[in-house]
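Colleague: I am new to this structure and would like to learn how to read it step by step. Could we look at it together?

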Amino acid sequence: MKKVKVLFVCLGNICRSPTAHGVFQKLVNDAGLSERVVVDSAGTSGWHIGAPPDKRSAAAARQAGYDLSTLRGRQVAAEDFESFDYVLAMDESNLFDLQEACPPAHSHKLSLFLDFSSQETWREVPDPYYGDGDGFKLVLSLVEDASRGLLKHVNRNDLA
Ligand code: 4NP
């Protein structure tokens, strides 16, 4: 059976994309789809390769019932554009960097993650790294909402 592969991308791969990875993976697991949907995350930068998620992201996620402890930072690689079906950027800057690196044959796989959101206030997941704790809660709620939309989309378009 064909698998659907989703890659979440931010700058560092220690705050936003690991949060999306953990949240979407739990939704996929709870829906009994872990054999059909493959979830991963990566950073456009190589600054945090091998590093665990930021403690503030891990804590916000843990409080809401998501475990990020097994995740480690990695950088987006050329093969990712071939291998994944969805490559979802957290903000416009990440999307720009992905567009620069992606071969034209795969550029249809790139979009903003919040394109799958039910709200219209936020188009990007704001970078929480230099802000206060509230930024991490906002990231989590935006990610939870867009993850539900993404799973619905994948169910309809890729798994039906
Ligand atoms: P992320 O957040 O892109 O959501 O993982 C950041 C993490 C680290 C840095 C910037 C943003 N940094 O400058 O090291």
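Colleague: In which helix is the place of Asp 80?

Modeller: This is a predicted model, in which local features need pLDDT of at least 70 and side-chain atom pairs count only at pLDDT 80 or more, while totals for chains, interfaces and linings use all residues. Residues are numbered from 1 along each chain as its sequence is written, and side-chain values use heavy atoms, with hydrogens and water left out. Helices (H or I, at least four residues) and strands (E, at least two) are DSSP runs, numbered from the N terminus; Asp 80 belongs to helix H3, residues 78–83.

Colleague: Is Asp 80 buried or exposed?

Modeller: Buried means under 20% relative accessible area, exposed over 50%, and partly exposed in between, with a 1.4 Å probe and protein chains only. Asp 80 has a relative accessible area of 7%, so it is buried. Contact means heavy atoms within 4.5 Å, and, leaving aside neighbours within four places in sequence, Asp 80 is in contact with Leu 7, Arg 74, Gln 75 and Val 87.

Colleague: Where does Leu 7 stand in relation to E3?

Modeller: Two strands pair if DSSP finds at least two bridges between them. Strand E1 (residues 4–10) pairs with strand E3 (residues 86–89) in the parallel sense over 4 bridges, and Leu 7 stands opposite Val 87 in E3.

Colleague: In what order do the 4 strands form the open sheet?

Modeller: The order is E2-E1-E3-E4, with parallel pairing, and the edge strands, E2 (37–43) and E4 (110–112), each pair on one side only.
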